[in-house]
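Here's a quick briefing on a protein model, covering its aromatic rings and one of its helices. Have a look at the structure first.

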Amino acid sequence: MREDEETEEVPVFIPSPIERKLLDILLNPEHRFKSVTSICEAAGTSRKAYYRAFEREGFADYYRGECEALVHRAIGPVVNACVREAVAGSAAHAKMVLGMAGMYSEKTDHRILDKNGEAQDVGGVVFYIPTNGREKKEEIVET
């Protein structure tokens, strides 16, 4: 950036004490299924304060950022738990771990069929369907 260019300062959002209490409750996994009323009771505030916080400019973005930070802090332990379960023989966890490593993906079958069950040509992509219990090869034709 050149010295003569002006930079626009982005205001930093600072939650009020009531908003901080709400955030502490909202970000605590123990409260994830609680109603707004229960969240407000736990934070020692009112429903009106809850809705006013979310209407305040910057609060929702700040909350979203705090949620993302919470998820990022949990990634390591979650991955470790998945690997532990995969090694112990869990097929579901093995698929998940291999998928994260790019070594596995579920095969998906997307077919557009007419009323007779025959594959239809859709924008240059042709799908072939199983007939009489025999799988026919799927072919993709580029346009």
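Tyr50 counts as buried because its relative accessibility is 12% (buried is under 20% relative accessible area, exposed over 50%, partly exposed in between, with a 1.4 Å probe and protein chains only). Keep in mind that this is a predicted model, where local features need pLDDT of at least 70, side-chain atom pairs count only at pLDDT 80 or more, and totals for chains, interfaces and linings use all residues. Residues are numbered from 1 along each chain as its sequence is written, and side-chain values use heavy atoms, leaving out hydrogens and water.

**Aromatic rings**
- Rings of Phe, Tyr and Trp (its six-membered ring) pair if their centres lie within 6.5 Å, with planes under 30 degrees apart called stacked, over 60 edge-to-face and the rest tilted.
- By this rule there are 6 aromatic pairs.
- One of them is the tilted pair Tyr50 and Phe54, at 5.1 Å centre to centre and 50° between the planes.
- Both residues sit in helix α3 (residues 47-55), 4 residues apart, or about one turn of the helix (helices are DSSP runs of H or I, at least four residues, numbered from the N terminus).
- Phe54 is partly exposed, at 29% relative accessibility.
- Phe54 also pairs edge-to-face with Phe59, at 4.9 Å centre to centre and 85° between the planes.
- Phe59 is buried, with a relative accessible area of 0%.
- Ring pairs link Phe13, Tyr50, Tyr51, Phe54, Phe59, Tyr62 and Tyr63 into a cluster.

**What follows helix α2**
- After α2 comes Gly44, with a positive phi near 70°.

Terms used. Helix = DSSP H or I, 4+ residues; strand = E, 2+ residues; numbered from the N terminus.
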